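Please consult the sequence and the structure shown below while reading.

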Amino acid sequence: MGSVGRPKLKLIGRRFKRLKVVEFKGVTSTYPHKSLWECLCNCGDVIVVTGDNLMTGNTKSCGCLRKYIAKRTVRKKFQEYWNRGNHPRIV
Ligand SMILES: [Zn+2]
């Protein structure tokens, strides 16, 4: 309704993977102006994300998700290594 150029506040309360949008924080100071949203992550951290990153799925967590995936990948690799009979010597 004639809200061109105005922030879309409908993101508040929406969930994007591990992030829940809690507050509109204004727009970026550089062009193109992007809306900024304060989000609460599942782990309890609060971060500010641009609406773009939320909606495209670029940002799915405060960063803890990436750490979690990395940890799982390492464990999987170790399991494969172990299953091949390469049992490391425990010292
Ligand atoms: Zn997190």
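This is a predicted model: local features need pLDDT of at least 70, side-chain atom pairs count only at pLDDT 80 or more; totals for chains, interfaces and linings use all residues.

In soluble globular proteins, nonpolar side chains tend to be buried together.

When residues up to four places away in sequence are set aside, leucine 54 touches Leu11, Phe16, Leu19, Trp37, Val49 and Thr59. Across the protein chain, buried residues account for 12% of the 91 residues.

## Overall architecture

The protein chain contains 2 helices and 4 strands. Along the sequence these elements follow the pattern β-β-β-β-α-α. Of the contacts between residues at least 6 apart in sequence, 22% join residues at least 24 apart.

## The sheet

The 4 strands form an open sheet, arranged in the order β1-β2-β3-β4 with antiparallel pairing. Because β1 (15–16) and β4 (46–50) stand at the edges and each has a single partner strand, one side of each is left without a neighbour in the sheet. Strands of a sheet pair through backbone hydrogen bonds, either parallel or antiparallel.

Strands β2 and β3 run antiparallel and are joined by 6 bridges. Within β3, serine 35 is the bridge partner of valine 27. The antiparallel pairing of β3 with β4 extends over 5 bridges, and cysteine 39 stands opposite isoleucine 47 in β4.

## Loops and backbone geometry

Most residues other than glycine have a negative phi, and most peptide bonds are trans. Lysine 17, in the loop between β1 and β2, has a positive phi of about 55° although it is not a glycine. Lysine 17 is classed as partly exposed because 13 other C-beta atoms lie within 10 Å.

The loop between β2 and β3 includes proline 32. The peptide bond leading from tyrosine 31 to proline 32 is cis, and its omega is near -5°. In the hairpin of β3 and β4, where 4 residues separate the strands, glycine 44 adopts a positive phi near 105°.

## Surroundings of cysteine 43

Cysteine 43 is located in the loop between β3 and β4. With 13 other C-beta atoms within 10 Å, cysteine 43 is therefore partly exposed. Apart from neighbours within four places in sequence, cysteine 43 is in contact with Cys62 and Cys64.

Which distance separates cysteine 43 from arginine 18 in space, C-alpha to C-alpha? The two residues lie 8.2 Å apart by that criterion, while being 25 residues apart in sequence.

Notes
Residues are numbered from 1 along each chain as its sequence is written. Two residues are in contact if their C-beta atoms, placed from the backbone, lie within 7 Å. A residue is buried if 20 or more other C-beta atoms lie within 10 Å of its own, exposed if 12 or fewer, and partly exposed in between; C-beta atoms are placed from the backbone. Two strands pair if DSSP finds at least two bridges between them.
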